[in-house]
Amino acid sequence: MKITDFYKYKKPGRKISMVTAYDYTLAAIAGASAVDCVLVGDSLAMVMHGHESTIAATVDMMALHTAAVTRAVKDKLVIADMPFLSMRKGLAPAMNAVEKLARAGAQAVKAEGLAGHEKIISHIIKSDMPVMGHLGLTPQSINKFGGYKAQGKDPASAEKLAAQALELERLGCFALVLECVPEDLAEKITASLKIPVIGIGAGPFTDGQVLVLQDLLGLYGEPPSFVKKYLDGRRLVTEALDSFDREVKSSVFPERKRQ
Ligand code: KIV
């Protein structure tokens, strides 16, 4: 999927699938799969580095992982997250961050939130780097939200999110991630936009879905309730490791060639 396909796929009967990837090995598997596009999410701070939130992600971390992913994924769109505060230090630092991610191979960036970012988002887009918006439960704002809480539940905040979504489209974003909002609101926002809306924990009525790869593979802790595990990865990997351990300790592996 190329960036130009995003608009074409906003139609009934064609959903967009996106997964995160952070390392070469899993990115190569995601790249060879049917999944449409790959996000180097700042969730890598948690999934790859064991931090408690995405706030620990830095531009250098994002660039390092983006380079590993783009070495593996050759013909899918790779989007990289602008990490915490990278949009808040003014235009030049934001553009330096975009440059690092683009030189690491990202074909687009994703930026959380809108308020105070309007000029920077517009400048990035006018500099020919496509931007994906991200509204709802934006994890970089958990300190403001007081935790991982669904957003847009009351009429005023729902209205604000719907207006922000329209503004991101007006600024030129090519797609929008909508995280943990009520499904009726996600459906309304999806219907109001020409650009595709990719949901996560936002119900079935968006134009596509994104999940953290390690969540869907069952590899990373206890995932949020909206996640569907497509593999019991933790159990399968543990069984493989235990088999290896048993065979080493019982001298079954490696096989003896000489008696
Ligand atoms: O960082 C991330 O993984 C994300 C997605 C889950 C949307 O932003």
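Colleague: Which residues surround the ligand?

Modeller: Before I answer, note that this is a predicted model, in which local features need pLDDT of at least 70 and side-chain atom pairs count only at pLDDT 80 or more, while totals for chains, interfaces and linings use all residues. Residues are numbered from 1 along each chain as its sequence is written, and side-chain values use heavy atoms, with hydrogens and water left out. A residue is near a molecule if one of its heavy atoms lies within 4 Å of it, and the residues that surround the ligand are Thr20, Leu39, Gly41, Asp42, Ser43, Asp81, Lys110, His134, Val177, Ile200 and Val212.

Colleague: How many residues of the shell around the ligand are nonpolar, polar and charged?

Modeller: Ala, Val, Leu, Ile, Met, Phe, Trp, Tyr, Cys and Pro count as nonpolar, Asp, Glu, Lys and Arg as charged, and the others, Gly among them, as polar. Sorted in this way, the shell around the ligand holds 4 nonpolar, 4 polar and 3 charged residues.

Colleague: At what distance does a polar side-chain atom of Ser43 lie from an oxygen atom of the ligand?

Modeller: A polar contact is a pair of N or O atoms within 3.5 Å. For Ser43, the distance from a polar side-chain atom to a ligand oxygen is 2.4 Å.

Colleague: Why do the buried residues of α9 line one face of the helix?

Modeller: Helices are DSSP runs (H or I, at least four residues), numbered from the N terminus, and buried means under 20% relative accessible area, exposed over 50%, partly exposed in between, with a 1.4 Å probe and protein chains only. In α9, residues 183-192, the buried ones are Leu185, Ala186, Ile189 and Thr190. Seen down the axis, these buried residues line one face because their directions, taken from the helix axis to the C-beta atoms, fall within an arc of 135°.

Colleague: Which residues on the other side of α9 are exposed?

Modeller: The buried residues of α9 are covered by elements including α8 (155-171), β6 (175-179) and β7. On the other side of this helix, the exposed residues are Asp184, Lys188 and Ala191.

Colleague: Is Ser53 buried or exposed?

Modeller: Ser53 sits in the loop between α3 (44-47) and α4 (59-72), and its side chain reaches the backbone nitrogen of Ile55 at 3.2 Å. Because its relative accessible area is 12%, Ser53 counts as buried.

How values were computed: Polar contact = N/O pair within 3.5 Å; in protein donor to acceptor, adjacent residues only side chain to side chain. Helix = DSSP H or I, 4+ residues; strand = E, 2+ residues; numbered from the N terminus. Contact = heavy atoms within 4.5 Å.
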